[in-house]
There are 2 protein chains.
Amino acid sequence: MATIPDDEEMVFEQPCPIRDVLDRIGDQWSLLILETLAPGTLRFNALMREIGDISKQMLSRTLKQLEQDGFITRTLYPEVPPRVEYTLTPLGRSFLEPMQQLVAWADTHHRTIVAARARYQALQEQT
Amino acid sequence: MATIPDDEEMVFEQPCPIRDVLDRIGDQWSLLILETLAPGTLRFNALMREIGDISKQMLSRTLKQLEQDGFITRTLYPEVPPRVEYTLTPLGRSFLEPMQQLVAWADTHHRTIVAARARYQALQEQT
DNA sequence: TTCAATGGTCACGTTGTCGTGACCATGTCA
DNA sequence: TGACATGGTCACGACAACGTGACCATTGAA
């Protein structure tokens with residue numbers, strides 16, 4: 001405990017839990033990674049292969065964030081070459097439940113949205 | 001089996017409905033606007049007052065996107081000064097149902113996430 | 001000796017998101 | 001005449017997200 005932090009800055013907390021959550025899983029890869037891990041534990045390169053078009057950089061960054069927020073655990077086995085396993089925590093697993101509802105909604109209504117966009121665009125071009 | 005669709009081309013269209021949906025409502029304001037409209041129709045400036053810290057620019061942009069995707073309707077009354085009303089469509093209303101589940105999850109587990117972040121940060125600083 | 005495999009990190013540049021402030025048209029009120 | 005209210009648009013800049021490619025340490029195999 002070397003220094004005392006400036007607690008005055010802490011006054012500004014998180015005004016909205018859902019915003020905090022959306023900021024994390026609203027990005028490009030988080031949800032995809034969580035769903036890829038749903039069937040079971042995977043190693044780093046296995047995740048890369050499963051997802052296919054993600055770069056090392058983004059996978060590494062996103063996994064770190066998910067671990068930080070407690071959605072997954074990272075286990076390093078100090079073998080050679082190293083083995084690292086990523087697993088959903090109970091928190092991550094519980095998150096996927098409401099999320100699946102949203103995924104189902106998206107599957108059901110996606111056509112409607114695409115149609116709405118087409119109709120809107122057609123109207124704009126009528127100028 | 002009259003026509004076989006071009007499955008190869010379909011791959012590049014919408015790879016994932018949920019991604020398409022998250023790209024829209026994962027932004028800063030969309031969800032907040034939808035929830036603000038949930039109790040009923042509001043005018044542009046009324047929305048600004050309700051939300052409080054949104055700029056004209058962002059409100060205008062986000063409303064346009066939501067209208068484009070069919071979540072809300074925009075009705076212009078050519079009076080003076082002009083009156084514009086924004087209302088949730090059935091699609092927008094149906095979207096809020098699974099979304100409320102996610103909001104509830106966020107409310108319930110937000111503390112856990114914040115705690116996980118604090119624990120992670122504490123471990124990092126132990127270096 | 002050099003290569004491959006694992007699981008990353010770092011520097012860099014590009015793109016996208018977001019906010020600020022200026023500006024616009026119109027008719028009414030003072 | 002000028003200000004005000006409504007519902008915007010536009011140009012600009014700051015900042016974050018994202019992707020690319022280079023690099024790193026280790027050890028066993030060729």
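Mentor: We will go from the fold of one chain to the contacts between chains, keeping in mind that this is a predicted model.

Trainee: What is the secondary structure of chain A, and in which order do the elements run?

Mentor: Chain A has five helices and three strands. Reading from the N terminus, the order is α-α-β-α-α-β-β-α. Of its 127 residues, 40% are buried. Among contacts with a separation of 6 or more, 46% join residues 24 or more positions apart.

Trainee: How do I read the sheet, and which strands stand at its edges?

Mentor: Start with the strand order. In chain A the three strands form an open sheet ordered β1-β3-β2, and the pairing is antiparallel. β1 and β2 (72-77) of chain A are the edge strands; each has a single partner, so one side of each lacks a neighbour in the sheet. Two bridges link β1(A) with β3(A) in the antiparallel sense, and A:Leu42 sits opposite A:Tyr86 of β3(A).

Trainee: Now a helix. Which residues of α3 of chain A are buried, and what do they pack against?

Mentor: First the general idea: an α-helix has 3.6 residues a turn, so residues three or four places apart point the same way. In helix α3 (residues 44-51) of chain A, the buried residues are A:Ala46, A:Leu47, A:Met48 and A:Ile51. These buried residues of α3(A) pack against α2 (30-37), β1 (42-43), α4 (56-68) and β3 (83-88) of chain A. Just after α3(A) comes A:Gly52, with a positive phi of about 95 degrees.

Trainee: How are chains A and B related?

Mentor: Two copies of a chain are related by a rotation about an axis and a shift along it. Here, chain A is superposed on chain B by a rotation of 180 degrees with 0.0 Å of shift along the axis, at RMSD 0.0 Å. That is the relation of a two-fold axis. The same surface serves both copies, as 97% of the contact residues of chain A recur in chain B. Within chain A, the residue closest to the rotation axis is A:Gly26, at 2.5 Å (C-alpha).

Trainee: Is A:Asp69 buried or exposed, and what does A:Asp69 touch?

Mentor: A:Asp69 has 2% relative accessibility, so this residue counts as buried. A:Asp69 is in the loop between α4 and β2 of chain A. Leaving out residues up to four places away in sequence, A:Asp69 touches A:Arg24, A:Leu91, B:Ile113, B:Ala116 and B:Arg117.

Trainee: How many aromatic pairs are there, and how do I read their geometry?

Mentor: Look at the distance between ring centres and the angle between ring planes. Over all chains there are six aromatic pairs. For A:Phe71 and B:Trp105, the centres are 6.1 Å apart and the planes at 35 degrees, so this pair is tilted. A:Phe71 is in the loop between α4 and β2 of chain A and B:Trp105 is in helix α6 (residues 90-125) of chain B, so the pair joins two chains. A:Phe71 is buried at 2% relative accessibility, and B:Trp105 is buried at 6%. The rings of A:Phe95 and B:Trp105 have centres 5.0 Å apart and planes at 70 degrees, so that pair is edge-to-face. A:Phe95 is buried too, with a relative accessible area of 0%. Together, A:Phe71, A:Phe95 and B:Trp105 form one aromatic cluster.

Trainee: Where does A:Arg83 lie?

Mentor: A:Arg83 lies over the face of A:Tyr77, 4.1 Å from the ring centre. In chain B, B:Arg83 lies over the face of B:Tyr77, at 4.1 Å from the ring centre.

Note on methods
Residues are numbered from 1 along each chain as its sequence is written. Chains are lettered from A and ligands numbered from 1 in the order in which they are written. This is a predicted model: local features need pLDDT of at least 70, side-chain atom pairs count only at pLDDT 80 or more; totals for chains, interfaces and linings use all residues. Side-chain values use heavy atoms; hydrogens and water are left out. Buried means under 20% relative accessible area, exposed over 50%, partly exposed in between (1.4 Å probe, protein chains only). Helices (H or I, at least four residues) and strands (E, at least two) are DSSP runs, numbered from the N terminus. Contact means heavy atoms within 4.5 Å. Two strands pair if DSSP finds at least two bridges between them. Copies are superposed by least squares on the C-alpha atoms of residues with pLDDT of at least 70 in both. Rings of Phe, Tyr and Trp (its six-membered ring) pair if their centres lie within 6.5 Å; planes under 30 degrees apart count as stacked, over 60 as edge-to-face and the rest as tilted. A charge sits over a ring if NZ of Lys or CZ of Arg is within 6 Å of the ring centre and within 35 degrees of the ring normal.
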